[in-house]
Amino acid sequence: MVNFVEANTRQVQIFAKSETQFFYKFLHFIATSVRERRLNGDRGRAYIKEECKTHLPTRPPYTVLLDAIVEIKGTRNAEDVLRCLLDLTDKMDVTNDEGKQCGNVLVSTVISCCNFNDVTTNYFGASVSCMGWKQRKAMINILCCKTWHKDISWAVCVGNTYNEKAFTFPAGVCSMAFNIYSSAKATEQKQRIERAKARLQRFQMIRSRNIANILEPFGTLVPREPCKYCFIMFPDICFDPSSHSHNAGKWEYGNCAECESLSQLLYSDENIVQRLKRETFTKTPEVLLNEKYNQLKEYLEKLNFNFGNRILYYNNQA
Ligand SMILES: [Zn+2]
């Protein structure tokens with residue numbers, strides 16, 4: 001019991017430190033960008049407000065940071081965006097109660113980017129990073145009900161309910177994913193990283209590996225194959241790297257970075273949306289989404305989040 005309490009206290013301390021360090025570095029990045037006129041004041045204030053506590057956030061903080069980087073850098077070039085993200089991530093490490101540097105719990109473990117027939121125009125996503133499984137499930141439900149493009153939300157619901165794909169993408173959609181490690185995390189996980197790199201030697205596609213090599217001095221990005229769930233939902237995407245066996249993972253449909261990046265791709269290109277070949281299921285998209293909304297209410301109740309009659313989301317356009 002004592003050990004459990006101690007471990008729990010340590011975890012809460014690391015979370016509190018992570019939160020403080022994350023927002024401090026994020027704020028500094030936004031304020032510097034506004035001062036150097038790379039971002040206008042209103043947009044800067046909107047990003048800062050999205051840390052807001054009174055309404056439900058509509059996406060995890062690391063995803064907000066990723067979006068801010070794309071806007072501030074003014075590019076969708078994967079190398080430029082990921083270099084900046086890794087540099088900031090490196091500065092977000094915190095120390096544990098033994099004074100040892102460790103990673104930040106608000107930093108996602110996986111980053112992905114995708115594009116449609118144009119490698120210079122990428123859309124980015126981060127895996128869901130939350131403390132605790134209830135928070136994580138609630139966040140996936142929020143993303144499905146409120147944030148993601150309706151077709152991606154539907155793909156997640158169909159995956160959950162039927163273990164099948166909801167639609168086929170037109171040819172030309174490519175996706176890369178990376179494990180992201182700050183310097184402290186990389187030191188901690190050195191052996192795992194070496195094993196992952198050795199495994200990658202088997203793959204023929206090398207674009208994602210090139211990006212990883214360029215970024216190495218700042219921390220490490222290690223290319224990773226899609227998990228089993230992403231492969232079930234989006235089997236027709238060109239994944240780099242890819243393999244024939246797909247890791248089942250200990251997460252659920254919708255946890256992966258791919259959902260966020262593909263959602264952004266669909267929001268940006270109506271032409272792709274028009275060309276999706278949709279499957280039919282007994283339960284309509286409306287019914288499935290309604291089930292997600294009811295699950296969200298249940299998780300929020302379990303988390304003692306008081307939402308009254310109607311859930312209020314934070315609106316960054318207001
Ligand atoms: Zn996945």
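View A. C227 and C256 are both buried, where buried means under 20% relative accessible area, exposed over 50%, and partly exposed in between, for a 1.4 Å probe and protein chains only. The model is predicted: local features need pLDDT of at least 70, side-chain atom pairs count only at pLDDT 80 or more, and totals for chains, interfaces and linings use all residues. Residues are numbered from 1 along each chain as its sequence is written, and side-chain values use heavy atoms, with hydrogens and water left out. The zinc ion is coordinated at 2.2 to 2.3 Å by the SG atoms of C227, C230 and C256. Donors are N, O and S atoms within 2.8 Å of the metal (3.2 Å for Na, K and Ca); water is not among the atoms, so sites may look incomplete. Along the chain, the donors of the zinc ion have the spacing C-x2-C-x25-C. C227 lies in the loop between β7 (220–223) and α10 (228–233), and C256 in the loop between β8 (238–240) and α11 (257–268), so the pair ties together parts that are 29 residues apart in sequence. Helices (H or I, at least four residues) and strands (E, at least two) are DSSP runs, numbered from the N terminus.

View B. Strand β3 covers residues 110–116. Seven of the seven residues of β3 are buried, so the strand is largely enclosed by the rest of the structure. V110, S112, C114 and F116 point one way from β3, while I111, C113 and N115 point the other way.

**View C. The partners of β3.** Two strands pair if DSSP finds at least two bridges between them. Strand β3 runs antiparallel to β4, and four bridges join them. Strand β6 (residues 173–181) is also antiparallel to β3, with seven bridges between the two. On the β4 side, C114 stands opposite Y123, and the bridge partner of I111 is A126. In β6, V110 has N179 as its bridge partner.

**View D. The β3–β4 hairpin.** Six residues separate β3 and β4 in this hairpin, and N117 in the turn has a positive phi of about 55°. In strand β4 (residues 123–126), Y123 and G125 point one way and F124 and A126 the other way, and all are buried.

View E. A salt bridge is a side-chain nitrogen of Lys or Arg within 4 Å of a carboxyl oxygen of Asp or Glu. The search of the whole structure finds ten salt bridges. One of them joins R38 to E36, with the closest N and O atoms 2.5 Å apart. R38 is partly exposed, at 36% relative accessibility, and E36 is partly exposed at 46%. R59 forms a salt bridge with D67, where the closest N and O atoms are 2.8 Å apart. R59 is buried, with a relative accessible area of 10%, whereas D67 is partly exposed at 22%.

View F. The side chains of K283 and E291 meet in a salt bridge of 2.8 Å, N to O. K283 counts as partly exposed at 31% relative accessibility, and E291 is partly exposed with a relative accessible area of 31%. Elsewhere, K150, D151 and R278 are linked in a network of salt bridges.
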